[in-house]
Amino acid sequence: MNLNYSTSIAGTFFPNPIFTASGCAGSGKELSHFFPLTELGAVVTKSIMIKPRSGRATPRMAETPSGMLNSIGLQGPGIDLFLENDIPWLRDQGARIIVSIAGESVDDYAVLSRKLRNVPGISAVEVNISCPNVENRGQVFACNPETAAAAIAAARRNIGGELPIIAKLSPDVTDIVAIAGSVIDAGADGLALINTLLGMVIDTNSMLPKLSQKTGGLSGPAIRPVAVRAIYQVRAAYPKIPIVGMGGVANGRDAFELVLAGANAISIGTATFGDPMSAIRIKNELEELCTARGFNNFSDAISYAHRSEGE
Ligand code: RRO
(Lines give C-alpha, C1' and ligand atoms only; values in the text may rest on other atoms or scores of the structure.)
Protein backbone atom coordinates (compact mmCIF):
# COMPACT_ATOMS: atom_id res chain seq x y z
CA MET A 1 0.00 0.00 0.00
CA ASN A 2 1.33 3.38 -0.95
CA LEU A 3 -1.08 5.65 0.84
CA ASN A 4 0.30 8.74 2.56
CA TYR A 5 -1.70 8.14 5.73
CA SER A 6 -0.59 11.18 7.71
CA THR A 7 -2.92 13.96 8.79
CA SER A 8 -2.54 17.31 10.48
CA ILE A 9 -4.65 19.14 13.04
CA ALA A 10 -3.99 22.87 13.25
CA GLY A 11 -0.46 22.44 11.90
CA THR A 12 0.40 19.47 14.13
CA PHE A 13 1.48 16.36 12.25
CA PHE A 14 0.14 12.88 13.06
CA PRO A 15 1.50 9.82 11.21
CA ASN A 16 -1.98 8.31 10.98
CA PRO A 17 -5.50 9.63 11.65
CA ILE A 18 -6.69 7.12 14.29
CA PHE A 19 -6.89 8.47 17.85
CA THR A 20 -8.49 7.16 21.02
CA ALA A 21 -11.65 8.96 22.15
CA SER A 22 -11.43 10.78 25.45
CA GLY A 23 -12.78 8.75 28.35
CA CYS A 24 -12.66 5.38 26.61
CA ALA A 25 -9.03 4.46 27.27
CA GLY A 26 -8.02 6.41 30.40
CA SER A 27 -4.44 7.50 29.81
CA GLY A 28 -3.70 4.45 27.66
CA LYS A 29 -2.15 2.16 30.31
CA GLU A 30 -4.56 -0.74 29.71
CA LEU A 31 -4.35 -0.40 25.92
CA SER A 32 -0.55 -0.50 26.08
CA HIS A 33 -0.81 -4.17 27.13
CA PHE A 34 -2.31 -4.88 23.71
CA PHE A 35 -0.21 -2.74 21.34
CA PRO A 36 2.42 0.03 21.46
CA LEU A 37 0.70 3.39 21.81
CA THR A 38 2.98 4.75 19.08
CA GLU A 39 0.74 2.84 16.63
CA LEU A 40 -2.01 5.37 17.28
CA GLY A 41 -2.10 8.81 15.69
CA ALA A 42 -2.60 10.11 19.24
CA VAL A 43 -3.86 9.12 22.67
CA VAL A 44 -6.64 11.47 23.81
CA THR A 45 -6.75 11.25 27.60
CA LYS A 46 -9.86 11.15 29.82
CA SER A 47 -11.09 14.71 30.51
CA ILE A 48 -9.29 15.96 33.58
CA MET A 49 -10.57 18.49 36.11
CA ILE A 50 -8.75 20.63 38.66
CA LYS A 51 -9.49 18.40 41.66
CA PRO A 52 -9.66 14.60 42.06
CA ARG A 53 -13.17 13.21 41.59
CA SER A 54 -14.75 9.83 42.20
CA GLY A 55 -17.52 10.45 39.69
CA ARG A 56 -21.16 9.51 39.97
CA ALA A 57 -22.60 6.65 42.02
CA THR A 58 -23.07 3.24 40.37
CA PRO A 59 -24.77 1.88 38.34
CA ARG A 60 -23.28 4.21 35.77
CA MET A 61 -23.30 2.10 32.62
CA ALA A 62 -26.25 0.57 30.77
CA GLU A 63 -26.54 -1.30 27.48
CA THR A 64 -28.75 0.12 24.74
CA PRO A 65 -29.57 -1.07 21.21
CA SER A 66 -26.31 -0.69 19.21
CA GLY A 67 -24.73 1.37 21.96
CA MET A 68 -24.45 2.16 25.64
CA LEU A 69 -25.16 4.83 28.21
CA ASN A 70 -22.53 6.12 30.61
CA SER A 71 -22.77 8.43 33.56
CA ILE A 72 -19.19 8.28 34.80
CA GLY A 73 -19.30 11.89 35.95
CA LEU A 74 -15.72 12.97 35.27
CA GLN A 75 -13.91 10.50 37.51
CA GLY A 76 -10.21 11.27 37.65
CA PRO A 77 -7.13 12.09 39.73
CA GLY A 78 -7.15 15.86 39.16
CA ILE A 79 -4.70 17.85 37.05
CA ASP A 80 -1.72 17.84 39.44
CA LEU A 81 -1.48 14.06 39.85
CA PHE A 82 -2.26 13.65 36.16
CA LEU A 83 0.69 15.85 35.21
CA GLU A 84 2.91 14.08 37.71
CA ASN A 85 2.06 10.50 36.70
CA ASP A 86 0.19 10.10 33.45
CA ILE A 87 1.97 12.57 31.20
CA PRO A 88 5.53 11.36 31.97
CA TRP A 89 4.35 7.77 31.50
CA LEU A 90 2.78 8.61 28.11
CA ARG A 91 5.91 10.50 27.09
CA ASP A 92 8.02 7.45 27.99
CA GLN A 93 5.85 5.36 25.68
CA GLY A 94 6.62 7.77 22.84
CA ALA A 95 2.88 8.41 22.39
CA ARG A 96 1.56 11.58 20.83
CA ILE A 97 -0.64 13.10 23.52
CA ILE A 98 -3.83 15.13 23.33
CA VAL A 99 -4.88 16.18 26.85
CA SER A 100 -8.62 16.63 27.43
CA ILE A 101 -9.70 19.13 30.09
CA ALA A 102 -13.12 19.83 31.65
CA GLY A 103 -14.25 22.56 34.04
CA GLU A 104 -17.24 23.50 36.14
CA SER A 105 -16.72 27.22 35.50
CA VAL A 106 -15.05 29.45 32.92
CA ASP A 107 -12.31 30.11 35.45
CA ASP A 108 -11.63 26.36 35.75
CA TYR A 109 -10.70 26.32 32.04
CA ALA A 110 -8.30 29.21 32.64
CA VAL A 111 -6.65 27.43 35.60
CA LEU A 112 -6.34 24.10 33.76
CA SER A 113 -4.91 25.80 30.68
CA ARG A 114 -2.28 27.62 32.73
CA LYS A 115 -1.21 24.31 34.22
CA LEU A 116 -0.74 22.85 30.74
CA ARG A 117 1.23 25.67 29.16
CA ASN A 118 4.91 24.76 28.82
CA VAL A 119 4.29 21.07 29.62
CA PRO A 120 6.52 19.29 27.10
CA GLY A 121 5.28 16.50 24.84
CA ILE A 122 1.66 17.56 24.40
CA SER A 123 0.42 17.78 20.79
CA ALA A 124 -2.90 19.54 21.50
CA VAL A 125 -5.51 20.18 24.19
CA GLU A 126 -9.10 19.03 23.82
CA VAL A 127 -11.32 21.47 25.68
CA ASN A 128 -14.34 19.41 26.68
CA ILE A 129 -17.27 21.78 27.08
CA SER A 130 -19.92 19.15 26.45
CA CYS A 131 -19.91 16.50 29.21
CA PRO A 132 -23.58 15.50 29.58
CA ASN A 133 -23.12 14.08 33.09
CA VAL A 134 -23.22 17.27 35.12
CA GLU A 135 -25.72 18.57 37.62
CA ASN A 136 -27.64 20.79 35.26
CA ARG A 137 -27.73 21.66 31.58
CA GLY A 138 -26.45 25.15 32.41
CA GLN A 139 -23.09 23.49 33.13
CA VAL A 140 -22.93 22.15 29.56
CA PHE A 141 -21.07 25.14 28.13
CA ALA A 142 -21.44 23.82 24.57
CA CYS A 143 -25.23 24.17 24.68
CA ASN A 144 -25.06 27.95 24.37
CA PRO A 145 -22.92 30.05 21.97
CA GLU A 146 -21.97 32.62 24.66
CA THR A 147 -20.92 30.15 27.38
CA ALA A 148 -19.16 27.99 24.78
CA ALA A 149 -17.17 31.01 23.60
CA ALA A 150 -16.35 32.11 27.16
CA ALA A 151 -14.87 28.71 28.07
CA ILE A 152 -12.83 28.50 24.86
CA ALA A 153 -11.61 32.10 25.13
CA ALA A 154 -10.44 31.41 28.70
CA ALA A 155 -8.52 28.35 27.51
CA ARG A 156 -7.06 30.22 24.54
CA ARG A 157 -5.88 33.18 26.66
CA ASN A 158 -4.16 30.99 29.22
CA ILE A 159 -2.66 28.15 27.24
CA GLY A 160 0.00 30.09 25.38
CA GLY A 161 0.30 30.63 21.67
CA GLU A 162 1.77 27.36 20.46
CA LEU A 163 -0.57 24.62 21.67
CA PRO A 164 -3.62 23.97 19.44
CA ILE A 165 -6.95 23.80 21.24
CA ILE A 166 -9.75 21.55 20.05
CA ALA A 167 -13.25 22.35 21.32
CA LYS A 168 -15.40 19.29 21.98
CA LEU A 169 -19.02 19.97 21.11
CA SER A 170 -22.36 18.38 21.93
CA PRO A 171 -24.82 17.24 19.27
CA ASP A 172 -27.67 18.02 21.71
CA VAL A 173 -28.24 21.53 20.35
CA THR A 174 -30.56 23.09 17.82
CA ASP A 175 -27.75 24.47 15.64
CA ILE A 176 -24.28 22.95 16.04
CA VAL A 177 -22.95 25.17 13.24
CA ALA A 178 -23.73 28.26 15.35
CA ILE A 179 -21.86 26.79 18.35
CA ALA A 180 -18.95 25.84 16.08
CA GLY A 181 -18.78 29.41 14.73
CA SER A 182 -18.85 30.82 18.22
CA VAL A 183 -15.92 28.69 19.49
CA ILE A 184 -13.90 29.29 16.30
CA ASP A 185 -14.33 33.04 16.83
CA ALA A 186 -13.22 32.55 20.46
CA GLY A 187 -9.94 30.97 19.33
CA ALA A 188 -10.54 27.23 18.87
CA ASP A 189 -8.01 25.81 16.39
CA GLY A 190 -10.05 22.67 15.81
CA LEU A 191 -13.26 20.87 16.79
CA ALA A 192 -14.01 17.44 18.26
CA LEU A 193 -17.37 16.23 16.96
CA ILE A 194 -19.33 14.71 18.72
CA ASN A 195 -19.69 14.05 22.44
CA THR A 196 -22.39 11.62 23.61
CA LEU A 197 -26.13 12.36 23.40
CA LEU A 198 -28.14 12.66 26.60
CA GLY A 199 -30.25 9.52 27.06
CA MET A 200 -32.09 7.41 29.62
CA VAL A 201 -32.98 3.74 30.10
CA ILE A 202 -35.77 2.53 32.40
CA ASP A 203 -35.65 -1.02 33.78
CA THR A 204 -39.06 -2.54 33.12
CA ASN A 205 -38.70 -4.97 36.06
CA SER A 206 -37.80 -2.43 38.75
CA MET A 207 -39.70 0.21 36.74
CA LEU A 208 -36.98 2.73 37.67
CA PRO A 209 -34.15 4.36 35.69
CA LYS A 210 -31.19 1.98 35.32
CA LEU A 211 -28.55 4.63 36.02
CA SER A 212 -28.22 6.00 39.55
CA GLN A 213 -28.29 9.57 38.25
CA LYS A 214 -31.07 8.66 35.79
CA THR A 215 -29.57 10.16 32.60
CA GLY A 216 -26.33 9.32 30.79
CA GLY A 217 -24.40 9.86 27.58
CA LEU A 218 -25.37 7.65 24.64
CA SER A 219 -22.52 6.34 22.48
CA GLY A 220 -21.84 3.51 20.03
CA PRO A 221 -23.03 2.72 16.49
CA ALA A 222 -26.53 4.04 17.28
CA ILE A 223 -25.21 7.62 17.20
CA ARG A 224 -23.03 7.38 14.08
CA PRO A 225 -25.54 9.02 11.70
CA VAL A 226 -25.76 11.95 14.15
CA ALA A 227 -21.96 12.29 14.06
CA VAL A 228 -21.89 12.13 10.26
CA ARG A 229 -24.58 14.80 10.07
CA ALA A 230 -22.88 17.11 12.58
CA ILE A 231 -19.46 16.78 10.90
CA TYR A 232 -20.97 17.32 7.45
CA GLN A 233 -22.91 20.44 8.54
CA VAL A 234 -19.92 22.02 10.27
CA ARG A 235 -17.56 21.16 7.41
CA ALA A 236 -19.98 22.74 4.89
CA ALA A 237 -19.93 25.98 6.90
CA TYR A 238 -16.19 25.92 7.77
CA PRO A 239 -14.19 24.32 4.94
CA LYS A 240 -10.82 24.77 6.69
CA ILE A 241 -11.37 24.07 10.41
CA PRO A 242 -9.67 20.82 11.53
CA ILE A 243 -12.23 18.28 12.79
CA VAL A 244 -11.55 15.22 14.95
CA GLY A 245 -14.58 13.02 14.24
CA MET A 246 -16.04 10.45 16.61
CA GLY A 247 -19.34 8.72 17.26
CA GLY A 248 -19.97 5.00 16.91
CA VAL A 249 -17.02 4.13 14.68
CA ALA A 250 -16.65 0.32 14.83
CA ASN A 251 -14.85 -0.49 11.56
CA GLY A 252 -12.89 1.06 8.73
CA ARG A 253 -16.00 1.74 6.68
CA ASP A 254 -17.55 3.73 9.55
CA ALA A 255 -14.34 5.73 9.93
CA PHE A 256 -14.27 6.39 6.16
CA GLU A 257 -17.84 7.73 6.35
CA LEU A 258 -16.81 10.34 8.94
CA VAL A 259 -13.74 11.24 6.86
CA LEU A 260 -15.88 11.73 3.74
CA ALA A 261 -18.16 13.98 5.81
CA GLY A 262 -15.17 16.14 6.76
CA ALA A 263 -13.17 14.63 9.63
CA ASN A 264 -9.37 15.10 9.50
CA ALA A 265 -8.86 12.40 12.16
CA ILE A 266 -11.05 9.78 13.83
CA SER A 267 -11.33 8.88 17.51
CA ILE A 268 -12.31 5.36 18.55
CA GLY A 269 -14.34 5.15 21.75
CA THR A 270 -17.03 2.61 22.62
CA ALA A 271 -15.64 -0.02 20.18
CA THR A 272 -12.56 -0.31 22.41
CA PHE A 273 -14.65 -1.71 25.29
CA GLY A 274 -15.67 -4.72 23.18
CA ASP A 275 -12.25 -5.19 21.56
CA PRO A 276 -9.13 -3.44 22.88
CA MET A 277 -7.50 -3.93 19.45
CA SER A 278 -10.31 -2.16 17.60
CA ALA A 279 -8.39 1.09 17.00
CA ILE A 280 -5.57 -0.83 15.28
CA ARG A 281 -8.00 -2.96 13.25
CA ILE A 282 -9.89 0.19 12.19
CA LYS A 283 -6.61 1.92 11.32
CA ASN A 284 -5.71 -0.94 8.95
CA GLU A 285 -9.23 -1.21 7.48
CA LEU A 286 -9.43 2.53 6.79
CA GLU A 287 -6.02 2.51 5.10
CA GLU A 288 -7.13 -0.39 2.85
CA LEU A 289 -10.39 1.33 2.00
CA CYS A 290 -8.73 4.66 1.10
CA THR A 291 -6.35 2.74 -1.16
CA ALA A 292 -9.16 0.69 -2.70
CA ARG A 293 -11.02 3.92 -3.53
CA GLY A 294 -7.95 5.16 -5.40
CA PHE A 295 -6.56 7.73 -2.96
CA ASN A 296 -2.78 8.26 -2.76
CA ASN A 297 -3.13 10.75 0.11
CA PHE A 298 -5.46 10.26 3.05
CA SER A 299 -6.00 14.03 3.07
CA ASP A 300 -7.66 13.87 -0.36
CA ALA A 301 -10.46 11.71 1.10
CA ILE A 302 -11.30 14.30 3.77
CA SER A 303 -14.61 16.06 2.96
CA TYR A 304 -14.94 14.17 -0.36
CA ALA A 305 -18.73 13.84 0.13
CA HIS A 306 -19.08 17.62 -0.27
CA ARG A 307 -18.13 17.50 -3.95
CA SER A 308 -20.88 17.97 -6.45
CA GLU A 309 -21.25 15.43 -9.23
CA GLY A 310 -18.69 15.74 -12.02
CA GLU A 311 -16.15 17.48 -9.74
O1 RRO B 1 -17.18 11.49 32.51
C2 RRO B 1 -18.25 11.40 31.89
O3 RRO B 1 -19.30 11.03 32.43
C4 RRO B 1 -18.38 11.78 30.48
C5 RRO B 1 -17.75 12.87 29.88
BR6 RRO B 1 -16.51 13.91 30.78
C7 RRO B 1 -18.02 13.21 28.53
O8 RRO B 1 -17.52 14.19 27.96
N9 RRO B 1 -18.92 12.44 27.86
C10 RRO B 1 -19.51 11.38 28.42
O11 RRO B 1 -20.32 10.70 27.78
N12 RRO B 1 -19.25 11.05 29.73
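Before counting charges, I took Lys and Arg as positive and Asp and Glu as negative, leaving out His and the chain ends. I placed each charge at NZ of Lys, CZ of Arg, CG of Asp or CD of Glu. On that basis I found 26 positive and 28 negative side chains, and the centres of the two sets lie 3 Å apart.

A note on the source: this is a predicted model, where local features need pLDDT of at least 70, side-chain atom pairs count only at pLDDT 80 or more, and totals for chains, interfaces and linings use all residues. Residues are numbered from 1 along each chain as its sequence is written, and side-chain values use heavy atoms, with hydrogens and water left out.

**Overall build**

I looked up secondary structure as DSSP runs numbered from the N terminus (helices: H or I, at least four residues; strands: E, at least two). The protein has nine helices and 16 strands. Along the principal axes, its C-alpha trace spans about 50 × 50 × 40 Å.

I called a residue buried under 20% relative accessible area, exposed over 50% and partly exposed in between (1.4 Å probe, protein chains only). By this cut-off, 56% of the 311 residues are buried.

**The core**

I then asked which residues have the most contacts inside the largest nonpolar core. Such a core is a set of buried Ala, Val, Leu, Ile, Met, Phe, Trp, Tyr and Cys residues joined through side-chain atoms within 4.5 Å. They are Ile 129 and Leu 169, in a core of 79 residues. Helix H3 (residues 145–159) gives the most to this core, with seven residues. Apart from it I noted another core, of 12 residues, among them Phe 14 and Met 246.

**Two residues up close**

Is Arg 156 buried or exposed? Arg 156 sits in helix H3 and counts as buried because its relative accessibility is 18%. Beyond four places in sequence, its contacts (heavy atoms within 4.5 Å) include Leu 163 and Asp 189.

Val 125 belongs to strand E8 (residues 122–128) and is buried, with a relative accessible area of 0%. Its partners beyond four places in sequence include Ile 98, Leu 116 and Ile 159.
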